[in-house]
Amino acid sequence: MYEGEIASVLVTEQQIQDKIAELATQVAADYPDTEQGELLLVGVLKGAVMFMTDFARALPLPTQLEFMAVSSYGSSTSSSGVVRILKDLDRDIAGRDVLIVEDIVDSGLTLNYLLRTLRARNPASLEVCALLTKPERRKVDLPIRYVGFEIPNRFVIGYGLDHAEKYRQLPYVAVLADPL
């Protein structure tokens with residue numbers, strides 16, 4: 001379908017599904033009795049949709065799902081550093097156990113902003129689960145409790161990750177041949 005546009009597959013569909021099962025087991029062990037009975041998963045739109053859906057299904061816990069939409073990329077391949085909330089949460093998170101579900105943590109600027117914003121709303125706990133992280137790109141130190149894969153500093157697509165709204169539906173994570 002995207003012949004010539006994908007340089008290589010970085011994380012296969014099977015590797016993703018195996019890692020999701022592993023992360024779900026870790027999270028379930030850490031949240032045996034959440035404060036209000038259900039762990040609140042906060043997905044960051046649009047990229048985290050695939051990961052959050054599969055992750056929620058793998059979790060052997062009662063959960064509720066919430067979404068936020070933030071923007072710091074536009075159609076670029078690197079974060080602008082300016083974060084805007086495009087869609088906020090639909091419910092109060094005060095006193096709730098909250099797990100932010102992220103597709104990728106790159107510079108960390110967007111996640112840092114989200115953590116500050118959500119901490120100010122007084123959740124009982126606030127942690128992060130990221131499918132992918134690029135440690136060498138990090139501009140701020142962040143507490144990412146659950147990490148799927150550390151990847152090199154390459155622009156990646158697939159499994160929710162896009163470039164100009166393309167490639168999200170791919171079941172794997174790949175390196176784009178020429179992101180320019």
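Six strands, written 6 strands in the count, form an open sheet in the order S4-S3-S2-S5-S6-S7, and their pairing is mixed. The edge strands are S4 (84-87) and S7, each of which pairs on one side only. From one strand to the next, the twist averages 30 degrees. This is a predicted model.

Look at one pair inside this sheet. S2 and S3 run parallel and share 7 bridges. Find Val44, and opposite Val44 you will see Met68 in S3.

Now turn to the helices that pack on these strands. Helix H2 lies across S2, S3, S5 and S6. The direction of H2 makes about 160 degrees with S2. Helix H3 (residues 109-119) also packs on the sheet. H3 touches S2, S3, S4, S5 and S6, and its direction makes about 170 degrees with that of S5.

Stay with H2, which spans residues 49-58. Which residues of H2 are buried? They are Phe51, Met52, Asp54, Phe55 and Ala56. What covers them? The cover includes helix H1 (13-30) and the strands S2 (39-45), S3 (63-71), S5 (97-105) and S6 (125-133).

Two of those H2 residues return in the largest nonpolar core. This core has 30 residues, and Val27, Leu41, Phe51, Phe55 and Leu132 touch the most other members. Several elements give two or more residues to the core: H1, S2, H2, S5, S6, strand S7 (146-150) and strand S9 (173-176). The largest share comes from H1, with 6 residues. There is also a second, separate core of 20 residues, which includes Val42, Val70, Leu114 and Leu126.

Which residues does Phe55 contact, leaving aside its neighbours within four places in sequence? They are Ile20, Leu23, Ala24, Val27, Leu41, Leu99, Val101 and Cys129.

Pick out Ile20 from that list. Ile20 lies in helix H1. Is Ile20 buried or exposed? Its relative accessibility is 2%, and buried means under 20%, so Ile20 counts as buried. Ile20 and Phe55 are 35 residues apart in sequence. In space, their C-alpha atoms are 5.8 Å apart. Ile20 has other contacts too, again leaving aside neighbours within four places in sequence: Phe51, Asp54, Ala58 and Tyr159 are among them.

Next comes another sheet. Here 3 strands form an open sheet in the order S1-S9-S8, with antiparallel pairing. Strand S1 (6-11) and strand S8 (156-157) are the edge strands, each pairing on one side only. S1 and S9 run antiparallel and are joined by 4 bridges.

Finally, look at the charged side chains. Side chains of opposite charge can pair when their charged atoms come close. How many salt bridges does the model hold? The count comes to 13 salt bridges.

Start with Arg121 and Asp88. Their side chains meet in a salt bridge, at 2.8 Å from N to O. Arg121 lies in the loop between H3 and S6, and Asp88 lies in the loop between S4 and S5, so the pair ties together parts that are 33 residues apart in sequence. Arg121 is partly exposed, with a relative accessible area of 25%. Asp88 is partly exposed as well, with a relative accessible area of 31%.

Move on to Asp106 and Lys134. Their side chains form a salt bridge at 3.3 Å, N to O. Where do these two residues lie? Asp106 is in the loop between S5 and H3, and Lys134 is in the loop between S6 and S7. The pair links distant parts of the chain, 28 residues apart. Asp106 and Lys134 are both buried.

A further salt bridge joins Glu127 and Arg145, with the closest N and O atoms 3.4 Å apart. Glu127 lies in strand S6 and Arg145 in the loop between S6 and S7, so this pair ties together parts that are 18 residues apart in sequence. Arg145 counts as partly exposed, at 44% relative accessibility.

Salt bridges can also share partners. Which residues do they join into one network? Lys46, Asp162, Glu165 and Arg168 are joined in this way.

Terms used
Residues numbered from 1 in each chain as written. Predicted model: local features only at pLDDT ≥ 70, side-chain atom pairs only at ≥ 80, totals over all residues. Heavy atoms only, no water. Buried < 20%, exposed > 50% of the residue type's maximum accessible area, 1.4 Å probe, protein only. Contact = heavy atoms within 4.5 Å. Core = buried A, V, L, I, M, F, W, Y, C linked by side-chain atoms within 4.5 Å. Pairing = 2+ DSSP bridges. Axes fitted to C-alpha atoms, helices over the stretch in contact; angles between N-to-C directions. Salt bridge = Lys/Arg side-chain N within 4 Å of Asp/Glu carboxyl O.
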